Amino acid sequence: MKAKFLVPLLLFFGLAGFLAFGLTLNPREVPSPLIDKPAPNFKLARIDDPASTFALEEMRGQVWLLNVWASWCVACRQEHPLLVRMARQKLVPVVGLNYKEVRGDGALNVRGMALEAETALAVERARGWLSDHGDPYVLSVLDVDGRVGIDFGVYGVPETFLIDAEGRIRYKHIGPITPDSLQQVIMPKVEELRRAG
Amino acid sequence: MIPELGHFSLVLALVLALVQAVVPMVGASRNRFALMAVGRPAAQGQFFFILVSYVCLTWAFIQSDFSVQLAASNSHSATPLMYKITGVWGNHEGSLLLWAMSLSLWTVAVTVFSSHLPEAFVARVLGVLGWVSVGFLSFLLVTSNPFDRILPGAGEGRDLNPLLQDPGMIIHPPLLYMGYVGFSVAFAFAIAALLSGRMDAAWARWSRPWTTVAWVFLTAGIAVGSGWAYYELGWGGWWFWDPVENASFMPWLLGTALMHSLAVTEKRGAFRSWTVLLAISAFSLSLLGTFIVRSGVITSVHAFATDPKRGLFILALLVIVIGVSLLLYAWRAPRLGGGGSFSFVSRETALLGNNVLLSVASASVLLGTTYPLFLDALGMGKISVGPPYFEAVFIPLMTPVVVLMMFGPFLRWKDDDLVAAVRKVAPTFIASAVIGLGTAYAVDHVTWRTVLGLALAAWVVLASVQLLAVRITDRAGAGLGARLRSITASWWGMWLAHLGVGVFIIGVTLVGSLNTNLDVKMRDGQRAELAGYSFTFRGVQDADGPNYDAARATIDVRRGELAIATLTPEKRLYRAQGMPMTEASIDIGPFRDVYVSLGEEIEDGTWIVSIYYKPFISWIWLGCTLMALGGVFAVADRRYRRLAVRETTLSTQQRTA
């Protein structure tokens, strides 16, 4: 066996070593630019009482989750039972951000619909969904046109933001929360922030 | 019931793949014909069961059986039938099944077209293909079962990713997979040659058509993919150096090198170990591409849902297949021996030079693609490698390739006279340089890239003409028709494919330097001007499809007084995923494309419209078509059929004698 014929094999093993190590990394874990920054403030109408509003400051002093959802979102349906269970166990307060309830639903045509009519329809749909599937939220607010969603850099529903007592975003979970991600990532972070606060 | 049938068929296919992997190999090593003969029926049976399995999966999609997890995640009851069918390969599991099916189809092709090959050799080839198939079928069954059920079934599916709901989806993946997987045959031939120690001109002649056909598929697949990206992604680019594009481009570069290396091995017996290494590497890079796409190690727009277990499995598969092959290579290749000697000035040298350059190009793409991973693994931060790197590396590597590519065919095999050869092509070379400089002078934005590109393109085209002229005048005597007819199909193939490279360079260069675009706000009746064309916005109508809502703009394109086209770009919102998509509208012409895509509506009735003027862009795909056509010509050469017939009769005579 001449040494030069072994070169391709050795090169390949080098590459394979890196690939193996690569499996332990997550290239998608791109740090969100908002992490550790103050959460964008908002003041939005509440679903339970559209006449009154809820502002982000009202949660100051608590460690809480902002969960972005919509009734048309299939993956939200998947994570919803877990949220309901979390609420029953009073693990951590969750505020719902109902995102583009009407205009996000491809099945509806909203072109030409007045904002008031859209808001009314959004309230009706969101309430109906919460009463069908259970309401795990401390309260939910309406982001009818998705502006707040843009401030938070939402690019898919569901997404969940962990916000600390000072109102800073500390973690962002993309996609439905799973029991694993709750126990192994989100709750430990919540505990840590509570201890720190 | 039907999904279970599909699952069961897949298990049966795995069993047959194991039989195909073991029995003929044993037969070949013990010289037992009865055992070797098992290979063909096992391979054909395996194909049958994979096909049944594939049909069952497709059935679940067509029937909208959303108790099958895969259908629930990738289909919807309102999806058009065509995209229900193609949705089967629009995800990890289904596309892997398509991968396995192409492998099995190639294997069946080997069983059918191998009657003129020695039995023991065919047995080894089928054995190697069987092992690859065992690997992929178990990968499917263990980590990625496409027939997994969810109980109770979903009421409605989540629909196929809207990006994939496009005619490109119908042909791009099958072509690409046939290309990728097709290199498995050349790979199996190489491994069989290493195992048997027999590696001669006959071996190269058998491998050549297989490699060429795979290369044709891959060329066509990549070209279709790039055309699809061009009109579907809505911003007029045609190549993005995305990791997954690179994953198909690396085997293409090495496949190109392999085709040429095989030519030398066949004609002159030289480059044997180099050819074997290329055959192994081309297929290895196909496998590596599969790993990159499916493991989640490198981010890409194409990536499938990833899962570390899958990544680990396929990495293990990679290490076994490639590791064992390269080990075998290190052990056996030194004994293959050199071929005929050749002097420094010869066609062999030109081909070797290009092979080395193509391999280096392939390696540099690999480096660029995996570099973010290296840095991340070494804790040096997250980066992404973009087009500037690839362009900086590619231009200096490909320039000598193109020059040599046209010079090589003027050289004789074994030994030639450098001065005479240079004298022959010098006028063409100088003319090309003049044309390059001249044309670049005539158009605006002269950059050195434009000059270089045009000079290279002129060199390819002029040298092609000269080559044809030389070829015809060489056969003096007979009439022109007879002289043309005497040229073999494989020569025409070479000529066309090389000319295709020239056409491709023209497209790339001109679209790169003359491309202009404009983003404008438009409302009903407004006009915009670009590159001598005027665009009048005629408002937006609803144009809803079966599973999406759409706004369709109507834009009249005129050039002076002449109405050129009415373009209708769309903005679609796919209902099931709430995902917006742009559908560009393009007026395709031989010398330019006018490309319009619709952006956001910013206020009532006012839209952002992106207009692109892309000169010569269709030449990119025309060039690819010529290359692929060249491959088809090369394979259609009469000598393959003639030799096949002769060898069959020979072996029949031997058997009867």
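1. Of the 197 residues in chain A of this predicted model, 36% count as buried.

2. The overall dimensions of chain A deserve a careful look, since a compact globule of 197 residues would have a radius of gyration near 16 Å, whereas chain A has 21 Å. Along its principal axes, the C-alpha trace of chain A spans about 80 × 45 × 30 Å.

3. As to its elements, chain A contains five helices and seven strands, and, read from the N terminus on, they follow the order α-β-β-β-α-β-α-β-α-β-β-α. Among the contacts of chain A with a separation of 6 or more, 75% are accounted for by residues 24 or more positions apart.

4. One local feature of chain A that a student can trace on the model is the hairpin formed by strand 6 and strand 7, which has five residues between the two strands. Strand 6 covers residues 159–163 of chain A and strand 7 covers residues 169–174, and the two pair in the antiparallel sense over five bridges. Within this pairing, Phe161(A) stands opposite Lys172(A) in strand 7 of chain A, while Gly167(A), in the turn, has a positive phi of about 85 degrees.

5. For chain B, the comparison with a globule comes out in agreement, because a compact globule of 657 residues would have a radius of gyration near 26 Å and chain B has 27 Å. The C-alpha atoms of chain B fill a box of roughly 85 × 75 × 55 Å along the principal axes, and buried residues make up 52% of the 657 residues of this chain.

6. Chain B has 20 helices and 10 strands. When contacts in chain B between residues at least 6 apart in sequence are considered, 74% of them join residues at least 24 apart.

7. Four strands of chain B form an open sheet, in the order 1-10-9-8, with antiparallel pairing. Strand 1 (516–522) and strand 8 (585–588) of chain B stand at the edges with a single partner strand each, so one side of each is left without a neighbour in the sheet. Neighbouring strands of this sheet are turned by 15 degrees against each other on average, with direction ignored.

8. Within that sheet, strand 1 of chain B is joined by seven bridges to strand 10 (residues 606–615) of chain B, and the two run antiparallel.

9. Helix 8 of chain B (residues 167–196) has 30 residues and reaches 45 Å from its first C-alpha to its last, which is close to the 44 Å expected at 1.5 Å a residue. Of those 30 residues, 24 are buried, so helix 8 of chain B is largely enclosed by the rest of the structure. Just after this helix, Gly197(B) takes a positive phi of about 75 degrees.

10. Helix 13 of chain B (residues 347–377) has 31 residues that should span 45 Å at 1.5 Å a residue, and its end C-alpha atoms are 43 Å apart, which agrees. Just after helix 13 of chain B, Gly379(B) takes a positive phi of about 70 degrees.

Conventions:
Residues numbered from 1 in each chain as written. Chains lettered and ligands numbered in written order. Predicted model: local features only at pLDDT ≥ 70, side-chain atom pairs only at ≥ 80, totals over all residues. Rg over C-alpha atoms; globule rule 2.2 N^0.38 Å. Buried ≥ 20, exposed ≤ 12 C-beta atoms within 10 Å, placed from the backbone. Contact = placed C-beta atoms within 7 Å. Pairing = 2+ DSSP bridges. Axes fitted to C-alpha atoms, helices over the stretch in contact; angles between N-to-C directions. Expected span 1.5 Å × (residues − 1).
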